[in-house]
Amino acid sequence: MPPWPIGVFASIDAGLGVHLDVARELKVPTIQLHAPHAATRNATAAQAFLKKCEEAAITVTAVFGGFEGESYADIATSARTVGLVPEETRAARVQEMKEISDFTRLLHCPTVALHIGFVPHDTASASYTDLIATTRDLLDHIAANGQQLNLETGQESADHLLHFMGDVGRNNLFINFDPANMILYGTGEPIAALKQVGHFVRSIHCKDAKWAAPEVRGTSWGQEVPLGDGDVGMETYLRTLLALGYTGPLTIEREIAQDPERQKTDIGHAVRLLTQLRAKILDS
Ligand code: MG
């Protein structure tokens, strides 16, 4: 595949992403997939979905795990509910993530991805120690499926994420870099963070956002906006990715599933913007 194939975040059933039909209409060659609900995670569903992808010449480049009970209503709620960090759901969610990895194998896709949650800052705590053990156990299952796990950025600073990955110490743990999340969560300037974690970046999101006001940054959300309208700086972002040697998919994420018409319009605009920037940067 030529460098920087454009992609979109898509869903099989109701989910955060667009329907495959939208990806097909936009003629993008790749998608990342939001993992379907348990009832749809079977060989029949995988075969049917793969067939549709083949007909549309679309490659699934990553499957994102997500869980019942997660809420992104505000930053504090996200910290309490998202990923493998919440202790009361940790064991059940790891089990579910292993099943998602198995389903991902049925889609012949080598990458699963995940918001692991807000990694505890107290690295001496029992919760942190158990999270390390849990993540290793998950990574071993994923490795047996011939896969890697890419962690979504945003909930940790670049420093904290690198520290955590170092403590996990497995060679199939990488990063899905989302520059807008660094802004939305207020965890760091995205380009500086990208340079810091770049050696681990194996997939990325093209998403944009505006910073929250300084006095509430890190406690209140920034604002997600159409690609190119925010504070990321898309050309700088792409040039930084190129300098890091990243040639993988540019996966557009526009998290306004409640407004599918606007979502589709904004993603169409993002495809055009990325197509122009890619030509400008790669052909010069
Ligand atoms: Mg993202």
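Figure 1. A disulfide is taken as a pair of cysteine sulfur atoms within 2.5 Å, and the structure holds 0 of them. Cys53 is in no disulfide either; its nearest cysteine sulfur, in Cys109, is 10 Å away. Cys206 is buried, at a relative accessible area of 1%, and Cys53 is buried, also with a value of 1%. Buried stands for under 20% relative accessible area, exposed for over 50%, and partly exposed for what lies in between (1.4 Å probe, protein chains only). The model is predicted: local features need pLDDT of at least 70, side-chain atom pairs count only at pLDDT 80 or more, and totals for chains, interfaces and linings use all residues. Residues are numbered from 1 along each chain as its sequence is written, and side-chain values use heavy atoms, with hydrogens and water left out.

**Figure 2. The whole protein.** The fold has 10 helices and 10 strands; these are DSSP runs numbered from the N terminus, helices being H or I with at least four residues and strands E with at least two. The C-alpha trace spans about 50 × 50 × 35 Å along its principal axes. Of the 284 residues, 54% count as buried. Among contacts (heavy atoms within 4.5 Å) between residues at least 6 apart in sequence, 73% join residues at least 24 apart.

**Figure 3. The magnesium site.** Glu152 (OE), Asp178 (OD), His205 (ND1) and Glu253 (OE) coordinate the magnesium ion at 2.0 to 2.2 Å. Donors are N, O and S atoms within 2.8 Å of the metal (3.2 Å for Na, K and Ca); water is not among the atoms, so sites may look incomplete. The donor residues are spaced E-x25-D-x26-H-x47-E in sequence. Glu152 belongs to strand 5 (residues 148-152) and His205 to strand 7 (residues 201-206), so this pair ties together parts 53 residues apart in sequence. Glu152 is buried at 3% relative accessible area, and His205 is buried at 0%.

**Figure 4. Aromatic pairs.** The protein has 5 aromatic pairs, where rings of Phe, Tyr and Trp (its six-membered ring) pair if their centres lie within 6.5 Å; planes under 30 degrees apart count as stacked, over 60 as edge-to-face and the rest as tilted. Tyr128 and Phe164 are edge-to-face, because their ring centres are 6.2 Å apart and their planes stand at 75°. Tyr128 sits in helix 5 (residues 126-144) and Phe164 in helix 6 (residues 158-168), 36 residues apart, so that the pair links distant parts of the chain. Both Tyr128 and Phe164 are buried. Tyr185 and Trp221 are likewise edge-to-face, at 4.8 Å centre to centre and 80° between the planes. Tyr185 is in the loop between helix 7 (179-184) and helix 8 (190-197), and Trp221 is in the loop between strand 8 (208-210) and strand 9 (223-225). Tyr185 is buried at 5%, whereas Trp221 is partly exposed at 27%. Phe118, Tyr185 and Trp221 form one aromatic cluster.

**Figure 5. Surroundings of Phe177.** Phe177 lies in strand 6 (residues 173-177) and is buried, with a relative accessible area of 0%. Leaving out residues up to four places away in sequence, Phe177 touches several residues, including Thr153, Met182, Leu194, His205 and Tyr237.

**Figure 6. Positive phi at Lys27 and Ala57.** Most residues other than glycine have a negative phi. Phi of Lys27 is near 60°, and that of Ala57 is near 55°. Lys27 is in the loop between helix 1 (20-25) and strand 2 (30-34) and is exposed at 73% relative accessible area. Ala57 is in the loop between helix 2 (43-55) and strand 3 (59-64) and is exposed at 58%.
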